[in-house]
Amino acid sequence: MAYNYITPEERRKAEREARALSSPRYGLEEYAQKPVQSMTEPQQERAGVGERALHTVGDLFGNVISGAAKGLEGIYDLGAGVVGAVGGVFDKGFQERVKQHVAYDFTGEHVAKPLDRMTEHSYLNEGKVGSFIENVASGVGQMLPAVAVSLATGGIGGAVGLAPSAVTKAAQAAS
C-alpha cells in the first residue's frame with residue numbers, strides 16, 4: 001500500500017479549505033470565487049485582542065479534547081478492526097462494512113471541525129509556532145485515556161497502566 005505523505009502545513013491548508021466548504025458562510029459558488037482568507041487578512045484583524053485571546057484558549061483546550069477523542073476513537077477502531085478481521089473469515093461483506101466504519105473519521109467530523117469553527121480567530125491559527133502548539137495539545141489529549149486508566153487502577157500492575165497507552169499508539173500507527 002502506498003502512502004501519500006504531506007507536510008503539516010499542506011494538511012492544515014487542506015483542512016481549512018474543507019472547513020470553508022462545509023461552513024454555512026460559504027456556498028460552493030462563493031468558495032470557487034473567493035479563496036480562504038488567511039489570518040493576516042482584514043477579516044481576522046477585525047477581532048479584538050480579547051476575543052482572539054479567548055479563541056486561543058478555546059483552541060488550546062479544543063485541541064486537547066479533540067486529541068483525547070481521537071485517542072479513544074483509535075482504541076475503538078482497533079477493536080472494531082479485530083472484530084472485522086475475525087468476522088471476515090465468515091462473511092467478507094461484514095469485513096468490508098467494518099473497514100468502511102473504521103475509515104470514517106467521527107472525531108474529525110463531530111468534534112474537531114465544530115471546535116475549529118468556534119475558534120476561528122485563534123492566534124494558534126497563525127504560523128508554525130501555533131501549529132506546533134496545536135500538535136502538542138492534541139498529543140497531550142491523545143495520552144489522556146491512558147493516564148485516566150492508570151489513575152483509575154491506582155497504577156496497579158504496569159501492564160494495566162501501560163496497555164491503554166500501547167493500544168492508543170498501535171491505533172494511531174494503524175490509522
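**Exercise 1. The buried side of H6**

Task: In this predicted model, which residues of H6 are buried?

Solution: Start by looking for residues with under 20% relative accessible area, the cut-off for burial. In helix H6, that search gives Thr107, Gly108, Val111 and Lys113. Now recall the geometry behind such a pattern: an α-helix has 3.6 residues a turn, so residues three or four places apart point the same way.

**Exercise 2. Length and bend of H6**

Task: What span does H6 reach from its first C-alpha to its last, and where does the helix bend?

Solution: Take the span to begin with. H6 covers residues 106-118, 13 residues in total, and reaches 18 Å, close to the 18 Å expected at 1.5 Å a residue. Next, follow the axis along the helix: H6 bends by about 35° at Ala112.

**Exercise 3. A helix partner**

Task: How do H4 and H6 pack, in terms of angle and axis distance, and which residues make the contact?

Solution: Two packed helices are described by the angle between their axes and the distance between the axes. For H4 (residues 49-88) and H6, the angle is about 175° and the axes lie 9 Å apart. Angles over 145 degrees count as roughly antiparallel, and H4 and H6 are therefore roughly antiparallel to each other. From H4, the contact is made by His55, Asp59, Gly62, Ile65, Ser66, Ala69, Lys70 and Glu73. H6 contributes Phe106, Thr107, Val111, Ala112, Leu115, Asp116 and Met118. Two of these, Thr107 and Val111, are also among the buried residues of H6.

**Exercise 4. The whole chain**

Task: How many helices and strands does the protein chain have, and what share of its residues is buried?

Solution: Count the elements: eight helices and zero strands. Then turn to burial, which takes in 30% of the 175 residues. The chain exposes about 11300 Å², with carbon and sulfur atoms supplying 67% of that area.

Key: Residues are numbered from 1 along each chain as its sequence is written. This is a predicted model: local features need pLDDT of at least 70, side-chain atom pairs count only at pLDDT 80 or more; totals for chains, interfaces and linings use all residues. Side-chain values use heavy atoms; hydrogens and water are left out. Helices (H or I, at least four residues) and strands (E, at least two) are DSSP runs, numbered from the N terminus. The expected span of a helix is 1.5 Å times one less than its number of residues. The bend at a residue is the angle between axes fitted to the seven residues ending there and the seven starting there. Buried means under 20% relative accessible area, exposed over 50%, partly exposed in between (1.4 Å probe, protein chains only). Accessible areas come from the Shrake-Rupley method with a 1.4 Å probe; for residues, only the protein chains shown count as cover. Axes are lines fitted to C-alpha atoms, for helices over the stretch in contact, and angles run from 0 to 180 degrees between N-to-C directions. Angles under 35 degrees count as roughly parallel, over 145 as roughly antiparallel, 65 to 115 as roughly perpendicular and the rest as oblique. Contact means heavy atoms within 4.5 Å.
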